[in-house]
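Here are a few notes to read with the model open.

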Amino acid sequence: MTEHTELRETVRQRYAASALKVTEGGTGCCGPEPVEVDENFGSTLYAADDREALPAEAVAASLGCGNPTAVADLHDGERVLDLGSGGGIDVLLSARRVGPTGKAYGLDMTEEMLALALANAARAGATNVEFLKGTIEAIPLPAATIDVVISNCVINLSTDKPAVFAETFRVLRPGGRIGVSDVVADDGLTPEQRAERGDYVGCIAGALSFAEYRAGLAAAGFTDIEIVPTHAVADGMHSAIVRAAKPVTTEPAPAAAAETAPGATPGAGGCCR
């Protein structure tokens with residue numbers, strides 16, 4: 001296997017194990033234990049009301065670094081896509097916000113997480129959700145069909161971030177938007193310094209800098225880009241809220257944009273929940 005294929009498999013194995021831990025824990029007398037105990041990641045970043053309204057298994061499987069549904073400003077009737085949906089916590093919260101006339105999609109590459117998410121949707125009685133298997137670099141949805149794309153600490157795991165940005169731009173309708181929680185590095189940190197602070201599976205080493213993230217989104221065609229740090233997850237590394245919009249009127253992006261934008265390396269998809 002290539003380095004990028006090995007990385008994707010390492011990520012898949014970690015989150016498959018997390019899903020199985022939650023599933024097995026759910027058979028115990030006291031319910032599942034959270035798979036992430038670091039206060040910078042996981043279900044503690046969600047409001048108590050949100051946690052209490054969802055199946056315990058969805059809450060326990062949360063491995064993100066924020067709460068994208070709290071910043072995405074979702075409305076009735078909208079179609080939402082969650083990149084790297086894991087156990088489904090953000091899909092289920094989105095489904096509640098968009099109501100019965102809207103729809104929430106979850107995309108994940110891990111069979112075990114997809115199985116857990118489907119079980120959680122059934123427990124929640126959610127009928128306006130759909131979970132898809134695939135990578136975030138090749139989203140299995142038609143162009144211009146999504147109103148809002150969310151994600152929670154997943155994009156930093158990809159080794160082909162320009163492809164993620166390009167695919168996100170493609171599936172959004174004109175005027176659509178993103179509301180993402182992700183790990184972002186200080187501009188002064190080199191890739192080697194970022195690697196010293198963690199690894200891909202820990203959602204640290206793969207992070208873009210603030211400048212690289214902004215440039216990557218702009219290269220894909222996004223406007224109104226806003227990146228706001230919320231809390232530190234390591235020295236010089238931050239959980240951040242990322243917002244951007246697809247213009248109502250768009251021109252075709254240059255064919256080479258995805259090849260030359262920051263973060264371009266061939267290969268893996270990722271999921272960090």
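1. Phenylalanine 169 and phenylalanine 222 are both buried in this predicted model. Their rings make an edge-to-face aromatic pair, with 5.2 Å from centre to centre and 90° between the planes. Since phenylalanine 169 sits in helix 6 and phenylalanine 222 in the loop between helix 8 and strand 6, the pair ties together parts that are 53 residues apart in sequence.

2. How many aromatic pairs does the structure hold? There are two. Phenylalanine 165 and tyrosine 213 have ring centres 5.5 Å apart and planes at 45°, so this pair counts as tilted. It links distant parts of the chain, with phenylalanine 165 in helix 6 and tyrosine 213 in helix 8, 48 residues apart.

3. Are phenylalanine 165 and tyrosine 213 buried or exposed? Phenylalanine 165 has a relative accessibility of 2%, so it counts as buried. Tyrosine 213 also comes out as buried, at 2%.

4. Next, have a look at the largest nonpolar core, which has 31 residues. Leu81, Ile178, Tyr213, Leu217 and Phe222 touch the most other members. Among the elements that give two or more residues to this core are strand 1 (79–83), strand 4 (146–152), helix 6 and helix 8. Apart from this core lies another one, of nine residues, including Val91, Ala95, Ala121 and Val129. As a general point, nonpolar side chains in soluble globular proteins tend to be buried together.

5. Leucine 217 deserves a click. Leaving out residues up to four places away in sequence, leucine 217 touches Phe165, Ile178, Phe222, Ile225, Val242 and Ala244.

6. There is also a cavity to find. The structure holds one cavity of 30 Å³ or more, and the largest cavity has a volume of about 60 Å³. Its lining includes Phe165, Tyr213, Leu217 and Phe222, along with Thr168 and Ile178.

7. Which elements supply that lining? Helix 6 (161–171), strand 5 (172–185) and helix 8 (210–220) each give at least two residues, and helix 6 gives the most, with three. By type, the lining residues of the largest cavity divide into 11 nonpolar, one polar and no charged.

8. Last, a stop elsewhere in the chain. Glutamate 111 lies in helix 5 (residues 111–124). With a relative accessible area of 45%, glutamate 111 is partly exposed. Glutamate 111 and glycine 86 are 25 residues apart in sequence, and their C-alpha atoms are 9.7 Å apart in space.

Definitions and conventions: Residues are numbered from 1 along each chain as its sequence is written. This is a predicted model: local features need pLDDT of at least 70, side-chain atom pairs count only at pLDDT 80 or more; totals for chains, interfaces and linings use all residues. Side-chain values use heavy atoms; hydrogens and water are left out. On a 1 Å grid over the protein atoms alone, a cavity is a set of points where a 1.4 Å probe fits but cannot get out, and a pocket is an open set with protein on both sides within 12 Å along at least five of seven lines; lining residues have an atom within 4 Å of a point. Grid points are joined across faces, edges and corners, and a volume is the space filled by probe spheres set on the points. Helices (H or I, at least four residues) and strands (E, at least two) are DSSP runs, numbered from the N terminus. Ala, Val, Leu, Ile, Met, Phe, Trp, Tyr, Cys and Pro count as nonpolar, Asp, Glu, Lys and Arg as charged, and the others, Gly among them, as polar. A nonpolar core is a set of buried Ala, Val, Leu, Ile, Met, Phe, Trp, Tyr and Cys residues joined through side-chain atoms within 4.5 Å. Buried means under 20% relative accessible area, exposed over 50%, partly exposed in between (1.4 Å probe, protein chains only). Contact means heavy atoms within 4.5 Å. Rings of Phe, Tyr and Trp (its six-membered ring) pair if their centres lie within 6.5 Å; planes under 30 degrees apart count as stacked, over 60 as edge-to-face and the rest as tilted.
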